Amino acid sequence: LLVSKDLGKHLLEVEDLLQKHGLLEADISAQTERVQALNAAALKFSELEGYQPCDPQIICNRVNHVQTCLEELGDLASKRRKELEDSRQLWAFFQEMEEAEAWIREKEKILATKTCGRDLSSVLTLTTKHKSMLGELGNRRALLHQTMKRGEQILAKKRLSPGGIQEKIREVRLRWKKLEEVTGLHQQRLQEALNFFQFSSELDDLVAWLQDTYRIVSSDDFGHDDYSSRALLRKHRLLLEEVEKHRGSVLALRKQVALLAPEHGRGVDVQIRVVEVEQLYGEVVEVAVLRQQWLQDALAVYRMFSEVHACEVWVDEKEQWLERMEVPEELDEVEVVQHRFESLDQEMNSVMGRILDVNQVVQQLVDGGHPSSEEVRSCQDHLNSRWNRVVELVERKKSQLSSVLKIQNYLLEC
């Protein structure tokens, strides 16, 4: 049993032989105790004095022979165990290499059937799974390196002179290298798909924002008074700042497309979408600028109406005062009225400046083709007419005062 050359033809058989060898070693151990007891008993006969049933030298020789045979048996058992353990190491190496090959084949099939997703969500899911596979690949790589190292150690011992170790290591190493190349290629394709779908998602968000912004800037609500128009203009200016901030994103679209993988970036649909976004942005900017001008014109109109109203209130007040006022005949009263007209002249100069501003605003609105040009012009004409009437009344009253003063001065001279 101990000199047998049967070291097994696979790992399970070697494990079975090792188990049987362990039973044999246990049997040898038990026999060792028995032999030692028998040898001790036999040696007592060699030490007897007087009558000796056997020659002491024969007893000693026999004891030594049995002890030597037992030691040789122990040496054979140790050698057999060493050979079996080496065989187990060898077949364990081949089994681990076969398992590695099976694992590689499984991953190759998975990578061969994998797609890169149809949208951003599916690509992100596949990317997560691929990262998990990369972690598994790293763990398997470490185990494979350990197995190959053990195979090289078996070759270095040259006890069993096994064949096929180098070939197996070379074969698995080549398949592993190919698997890593395929894995890297798939990771690259996933990244390219991720870049494309992220670009598409950002493009969709940009289009949605531009469409919403276009609806806002194309509104025909310009306010109904000075306060509401000012509020709308303030909001519109903030929106214009946002539009300007998005200019860089729109200008960068073509550069982003150039960075995409050829199968993604050269598609007609992508090129068309980029052109459509650029056109939409241009329309948004154009309409936004136009709306800002309309809001400014609306604000100018409402401010003009407010200014006209203030001027007409003053005109009404002075017109009523002038129509009710009678030129006095007494000198003292004439001087009092004359002082009032001096104050009135100062007020008229101030109001005249405001009316000139109104006329200037009206002219700008009319020249700009404002849709309310007729209403604005009518308001201007009405104010100017009222103003001219007040001026005429003032001149008439001043003329009357001047006549009274001349008469009073003449009387005083007389």
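**Helix packing and domain contact in a predicted model**

Helix 2 and helix 3 are roughly antiparallel to each other, because their axes cross at roughly 150 degrees and an angle over 145 degrees counts as roughly antiparallel.

**Helix 2 with helix 3**
- The axes of helix 2 (residues 56-113) and helix 3 (residues 120-157) come within 10 Å, and helix 2 passes helix 3 in a left-handed crossing.
- On the helix 2 side the contact includes Leu90, Phe93, Met97 and Trp103, and the residues of helix 3 that they and others in helix 2 meet include Leu137, Arg140, Leu144 and Ile154.
- Sorted by class, this contact of helix 2 with helix 3 has 11 nonpolar, three polar and seven charged residues.

**Helix 3 with helix 4**
- Helix 3 and helix 4 (residues 165-217) have axes that come within 10 Å and cross at roughly 165 degrees, and therefore this pair is also roughly antiparallel.
- The crossing of helix 3 and helix 4 is left-handed, and their contact has 20 nonpolar, nine polar and five charged residues.

**Domains**
- The domain assignment gives domain 1 (1-87), domain 2 (194-297) and domain 3 (299-413).
- The C-alpha centres of domain 2 and domain 3 lie 51 Å apart, while 11 residues of domain 2 are in contact with seven residues of domain 3.
- Between domain 2 and domain 3 an area of about 680 Å² is buried, and carbon and sulfur atoms give 53% of this area.

Terms used: Residues numbered from 1 in each chain as written. Predicted model: local features only at pLDDT ≥ 70, side-chain atom pairs only at ≥ 80, totals over all residues. Heavy atoms only, no water. Axes fitted to C-alpha atoms, helices over the stretch in contact; angles between N-to-C directions. Helix = DSSP H or I, 4+ residues; strand = E, 2+ residues; numbered from the N terminus. Parallel < 35°, antiparallel > 145°, perpendicular 65-115°, else oblique. Left-handed = near helix turned anticlockwise from the far one by under 90°. Contact = heavy atoms within 4.5 Å. Nonpolar A, V, L, I, M, F, W, Y, C, P; charged D, E, K, R; others polar. Domains from an automatic or database assignment. Buried area = accessible area lost by both parts, 1.4 Å probe.
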